[in-house]
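Please keep the structure in view while reading.

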Amino acid sequence: MKNLLDKEIEKIIQSLWDMSDHLYENPELGNQEYQSMQLLADFLKEHDFVVETGTVDLPTAFKAEYNSGKPGPRIAYLAEYDALPGVGHGCGHNLIGTMSTGAGVALSKLVNETGGSIVVLGTPAEETNGAKVAMSEQGIFSDIDAAMIVHPGDVSNESGESLAMDAIQFSYSGKSAHAAASPEKGINALDSVIQLFNGINALRQHVTSDVRIHGVIPEGGQAANVVPDKAIAQFYVRAKKRSYLDEVVRKVKQIADGAALMTGASLEISNYELSYDNMITNEALSKKFTENLKKTSSYPVLPAKDSYGSIDMGNVSQVVPAIHPYIGMNKPGLIPHTKEFADQTITGDGHQALRDGAFSLAMTGYDILTDADLLRTIQEEFEINRMK
């Protein structure tokens, strides 16, 4: 039957390449991906998927489903299609969106025989306020048995981990005054931000090595001779596990409170982007995908790489068995979030990665639909991890 999947991929591969190249030529930023969303949604409609847009109240999100009408597992493929400012598709989301769409369409041609359902989810704004967070919170995955996405890379890697992350803004308000003539009448909000940075730097000695804390000062005053009455710091705080991240964030907020007390400024703390949970790879699902990719690709699949980034797929992995592997574009050392990375997606190697990724995703979905023991193993592992 997997030979039939290969034939189904071959029937649509030129369309997938054309769509991916179109996304590359017409990049859209997060939550602005109207044309990108419509391109993928229309293709799924052409292949008899029932498509709804505006999922979880996000205009550029969608849910497409092909239901066999027979009982069986529900497989979800996640599509991303947002670009980066100034870079375009420097993270290869043009490939991600078309790989997942292609896998869903190919597998839908066999699901009437196997039973079950295929769901393709359009998940905008991964680079900023990832839609997968809202989808996870609002129950989109409550009836899904496995969720998969493949990310392009320089080389292929098994699915691994990512860091949990909170994006926190500290807004200090003080009192302006002439910095030379009457400094005693001012309350320096910028001094609060400086003390916040100093306190966080002291904290770094007393956290585990996986923690990452990095920040900027988007607002710190307008003129050197005016005491700044407003200053803002924004930080990403990351850790390997959500439970430990919450502990670190508590300490960071205490430091922020202390900085306000030291200067007399008032403080407002808020999240300026959505929080991401750490990625928990389902190893049984990952092993099956890796087996299929090795059969498909002519390039090696390396072990999971150490990751110090954060992805909204982490939130998905907390509520459903999930994987987030990488498929190589045959250019070791290629750096993501660059124009060079974007350009590689439309080369022959980029196109081959798209085909290999879509086919491997489809094969893994087929395995879940037809192998009850595999599905049981995946589910048992998920329940064990959830209790930890």
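1. Tyr66 is buried, with a relative accessible area of 14%, where buried means under 20% relative accessible area, exposed over 50% and partly exposed in between (1.4 Å probe, protein chains only). The model is predicted, so local features need pLDDT of at least 70 and side-chain atom pairs count only at pLDDT 80 or more, while totals for chains, interfaces and linings use all residues. Residues are numbered from 1 along each chain as its sequence is written, and side-chain values use heavy atoms, with hydrogens and water left out.

2. Phe197 and Phe235 form a tilted aromatic pair, 4.8 Å centre to centre and with 45° between the planes. Rings of Phe, Tyr and Trp (its six-membered ring) pair if their centres lie within 6.5 Å, and planes under 30 degrees apart count as stacked, over 60 as edge-to-face and the rest as tilted.

3. Because Phe197 lies in helix H6 (residues 189-203) and Phe235 in strand S10 (residues 230-239), this pair ties together parts that are 38 residues apart in sequence; helices (H or I, at least four residues) and strands (E, at least two) are DSSP runs, numbered from the N terminus. Phe197 counts as partly exposed at 21% relative accessibility, whereas Phe235, at 1%, counts as buried.

4. One aromatic cluster is formed by Phe170, Phe197 and Phe235.

5. Lys305 lies over the face of Tyr326, at 4.0 Å from the ring centre, and a charge sits over a ring if NZ of Lys or CZ of Arg is within 6 Å of the ring centre and within 35 degrees of the ring normal.
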